[in-house]
Structures are given as C-alpha cells and as structure tokens.
Amino acid sequence: GHNYIVLVTVSTPETEKAVDLARLDRIVGERIVTRFDHHDLNQDPEFADRTTTGENLVLLIWDLLAPHLPEGQLKKVGVIET
C-alpha cells in the first residue's frame, strides 16, 4: 500500500471575505479522506478506466472538491506519495 499527503491551496480576492477553513476541512474530510483513507485506489470506480497515478489522483481530487467551493477559490491540489 501507499500513503499520501494531500495539499489543497485556496484563495480569495482581497475584496472577498476570508476562506472558512473549518468548512474547507469538512469538505476535504467528507469528499477526499472518507473516500480514499485505507481504501484500495484501484477499486475506486473513477479508476476503472485509468491508471492510479499521482497525476490522475490529483485530477480526481480537484474534480471532487471544485464543485463544493466558491468558483475560482480552489487554486492547487498536490499529492505527495510517502
């Protein structure tokens, strides 16, 4: 098995209020950690037709998070395999 560290970078324009970090943490927990923690990525339906590379994992995480954040707030997703 592999271990991963997921890095999520968000920002807002100076004219908007600050990012609600508690909400962000909840979204990441619900959408990412719950789904992937202690699970075989090869068994995830999203990887049925693609390889479980770090690049594909980053793209999937982006797609899972972006709809739950204000438009343009998600800036970067990174994955470090340990």
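## The buried side of α2

In helix α2, the residues Asn-56, Leu-57, Leu-60, Ile-61, Leu-64 and Leu-65 are buried, where buried means under 20% relative accessible area, exposed over 50% and partly exposed in between, with a 1.4 Å probe and protein chains only. They lie on the same side of α2 because they cover an arc of only 165° around the axis, the arc being that of the directions from the helix axis to the C-beta atoms. An α-helix has 3.6 residues a turn, so residues three or four places apart point the same way.

This is a predicted model, in which local features need pLDDT of at least 70 and side-chain atom pairs count only at pLDDT 80 or more, while totals for chains, interfaces and linings use all residues. Residues are numbered from 1 along each chain as its sequence is written, and side-chain values use heavy atoms, with hydrogens and water left out.

## What covers the helix

The cover over the buried residues of α2 includes β1 (4-10), α1 (21-36) and β2 (74-81); helices (H or I, at least four residues) and strands (E, at least two) are DSSP runs, numbered from the N terminus.

Ile-61, which lies in α2, counts as buried because its relative accessibility is 1%. Leaving aside neighbours within four places in sequence, Ile-61 is in contact (heavy atoms within 4.5 Å) with Val-6, Ile-32, Phe-36, Val-77 and Val-79. The C-alpha atoms of Ile-61 and Val-6 are separated by 9.0 Å, although these residues are 55 residues apart along the chain.

## Ile-5 in strand β1

Ile-5 has its place in strand β1 and counts as partly exposed, because its relative accessibility is 40%.
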